[in-house]
Amino acid sequence: MEGKRILHLQCHFGQDTISLARHGALPTGVDFAENAIEKAKKLNDLLGTNAKFVHSDIYSLPENLDEKFDVVFTSYGVIGWLPDMKKWADIINHFLKPGGEFIMVEFHPVVWMFSYDFKQIEFSYMDSAPIIEELEGTYTDRNAQIIEQSVCWNHGLSAVLDSLIKSGLAISDFKEYNYSPYDCFNNTIITEDGNYKIKGLEDMIPMIYSVKANKMT
């Protein structure tokens with residue numbers, strides 16, 4: 001990681017981007033939320049790290065950033081906010097140097113099929129129309145007095161992987177895992193190793209997956 005130029009897509013307020021900088025990387029974090037990017041810049045200045053932050057939505061990023069990277073990275077709860085996986089994969093390919101690597105870890109689309117209490121199947125696994133909901137609270141505080149409309153998309157694994165392949169990337173590694181490292185779902189239990197599973201569905205469903213892919217030319 002030392003000296004690697006890393007593009008962190010959908011970085012929110014930059015905690016992981018800054019962590020990459022503290023490990024010796026030269027990271028650039030990108031997010032469409034202006035307030036989040038301003039917070040990321042303040043954290044970066046406070047900690048004295050060398051992360052760079054760009055305010056842009058992913059699809060418009062080539063208009064706002066003219067660099068190539070050794071690694072493009074994205075993680076946890078990001079692609080559900082994007083409607084078009086083909087455009088997303090093309091952006092990744094655009095910013096990778098030849099020989100560069102894409103690294104992704106994301107919540108599994110099977111998780112998003114369930115109702116919020118994980119008692120029944122409520123949503124489609126496959127790509128479909130946007131899911132529009134009115135939600136109370138946030139994923140960090142379920143009791144927060146916030147009510148807002150949410151618009152998201154569920155992307156099946158084939159949509160994600162095929163988009164990466166069709167963009168010109170070669171997938172080198174793909175894995176599925178039956179736990180979440182974050183307690184961000186309802187009806188969870190904590191495991192002995194400090195991860196989280198859905199009560200009653202332990203070891204029965206995948207909860208996250210990871211992908212590595214390379215740009216060959």
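The stops below cover a helix, a pocket, a strand residue and the cysteines.

This is a predicted model, so local features need pLDDT of at least 70 and side-chain atom pairs count only at pLDDT 80 or more, while totals for chains, interfaces and linings use all residues. Residues are numbered from 1 along each chain as its sequence is written, and side-chain values use heavy atoms, with hydrogens and water left out.

**Stop 1: helix H3**

Select residues 85–95, helix H3. Helices (H or I, at least four residues) and strands (E, at least two) are DSSP runs, numbered from the N terminus. Colour Met85, Trp88, Ala89, Ile91, Ile92, Asn93 and Phe95: these H3 residues are buried. Buried means under 20% relative accessible area, exposed over 50%, and partly exposed in between (1.4 Å probe, protein chains only). An α-helix has 3.6 residues a turn, so residues three or four places apart point the same way.

Now show what covers the buried residues of H3. The cover includes strand S1 (5–9), S4, S5, helix H4 (157–166), strand S8 (169–177) and S11. Contact here means heavy atoms within 4.5 Å.

Zoom to the start of H3. A side-chain oxygen of Asp84 comes within 2.9 Å of the backbone nitrogen of Lys86.

**Stop 2: the second largest pocket**

Select Met1, Lys4, Ile6, Leu20, Asp70, Val71, Phe73, Gly99, Gly100, Glu101 and Ile103, which line the second largest pocket. Strand S4 (69–75) and strand S5 (96–107) are the elements that give two or more residues to this lining. S5 supplies the largest share, 4 residues. By class, the lining has 6 nonpolar, 2 polar and 3 charged residues; Ala, Val, Leu, Ile, Met, Phe, Trp, Tyr, Cys and Pro count as nonpolar, Asp, Glu, Lys and Arg as charged, and the others, Gly among them, as polar.

**Stop 3: Asn214**

Select Asn214 in strand S11 (residues 208–215). Beyond four places away in sequence, Asn214 touches Gly99, Gly100, Glu101, Gly168, Leu169, Ala170 and Ser172. Gly99, Gly100 and Glu101 also line the pocket of the previous stop.

**Stop 4: the cysteines**

How many disulfides does a search of the whole structure find? The search finds 0, with a disulfide being a pair of cysteine sulfur atoms within 2.5 Å. Cys184 is in no disulfide either; the nearest cysteine sulfur, that of Cys152, is 14 Å away. Cys11 counts as buried at 6% relative accessibility, whereas Cys184, at 22%, counts as partly exposed.

Key: 1 Å grid on protein atoms, 1.4 Å probe; cavity = no way out; pocket = protein on both sides within 12 Å on 5 of 7 lines; lining within 4 Å. Polar contact = N/O pair within 3.5 Å; in protein donor to acceptor, adjacent residues only side chain to side chain.
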